[in-house]
Amino acid sequence: QNCYRTIIETITNDPNIHGHYYGAIYSQAMAPYVCALRNGQKTGQLGIIVKEIGSLIVRLHDKRKVSSPRHRSTVRQRIVEDYMPIISSSVWGTESNDPVWKAFFAEEC
């Protein structure tokens, strides 16, 4: 728990952290969820973590996207795209409910 909170605080409190860190931490949250799901294990707590990390990186991205136009692409570069459909449907319900999908993968209008 302490390590988890330290990681969250580190990304939250450093306004200059590179987008790759946001994408990487989301991928690190998705990986155990996908493994547990595929092996028929409980995913409740892992889903909560995916949602917390996902919501956090979207909030932080929203604060930075104006001052750093490439931020969206740098975050996306580190998100494991193969996991996104699994996470969108099983954690968020659909892509349209998935804030990470909407922020980093949906086509911009």
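The following exercises, each with a worked solution, concern a predicted model.

Local features require pLDDT of at least 70 and side-chain atom pairs pLDDT 80 or more, whereas totals for chains, interfaces and linings use all residues. Residues are numbered from 1 along each chain as its sequence is written, and side-chain values use heavy atoms, with hydrogens and water left out.

**Exercise 1. Determine how many salt bridges the structure holds, and describe the one formed by Glu52.**

Step 1. A salt bridge requires a side-chain nitrogen of Lys or Arg within 4 Å of a carboxyl oxygen of Asp or Glu. A search of the whole structure finds 2 such salt bridges.

Step 2. Glu52 is joined by its side chain to that of Arg5, at 3.1 Å from N to O. This pair links distant parts of the chain, with Glu52 in helix 3 and Arg5 in helix 1, 47 residues apart. Helices are DSSP runs (H or I, at least four residues), numbered from the N terminus.

Step 3. Accessibility is classified by relative accessible area: buried is under 20%, exposed is over 50%, and partly exposed lies in between (1.4 Å probe, protein chains only). Glu52, with 28%, is partly exposed, and Arg5, with 31%, is also partly exposed.

**Exercise 2. Identify the partner of Glu81 in a salt bridge and classify the accessibility of Glu81.**

Step 1. The side chain of Glu81 meets that of Arg76, at 3.5 Å from N to O.

Step 2. Glu81 has a relative accessibility of 44% and therefore counts as partly exposed. Arg76, with a relative accessible area of 30%, is partly exposed as well.

**Exercise 3. Classify the geometry of the aromatic pair formed by Trp101 and Phe105.**

Step 1. Rings of Phe, Tyr and Trp (its six-membered ring) pair if their centres lie within 6.5 Å; planes under 30 degrees apart count as stacked, over 60 as edge-to-face and the rest as tilted. The structure holds 1 aromatic pair.

Step 2. The ring centres of Trp101 and Phe105 are 5.3 Å apart and the planes stand at 15 degrees, so the pair is stacked.

Step 3. Trp101 and Phe105 are both buried.

**Exercise 4. Locate Arg72 and state whether Arg72 is buried or exposed.**

Step 1. Arg72 belongs to helix 4, which spans residues 71–77.

Step 2. The relative accessible area of Arg72 is 18%, so Arg72 is buried.

Step 3. A polar atom of the Arg72 side chain lies 2.5 Å from the backbone oxygen of Ala106.

Terms used. Helices (H or I, at least four residues) and strands (E, at least two) are DSSP runs, numbered from the N terminus. A polar contact is a pair of N or O atoms within 3.5 Å; within protein, one must be able to donate a hydrogen and the other to accept it, and residues adjacent in sequence count only if both atoms are side-chain atoms.
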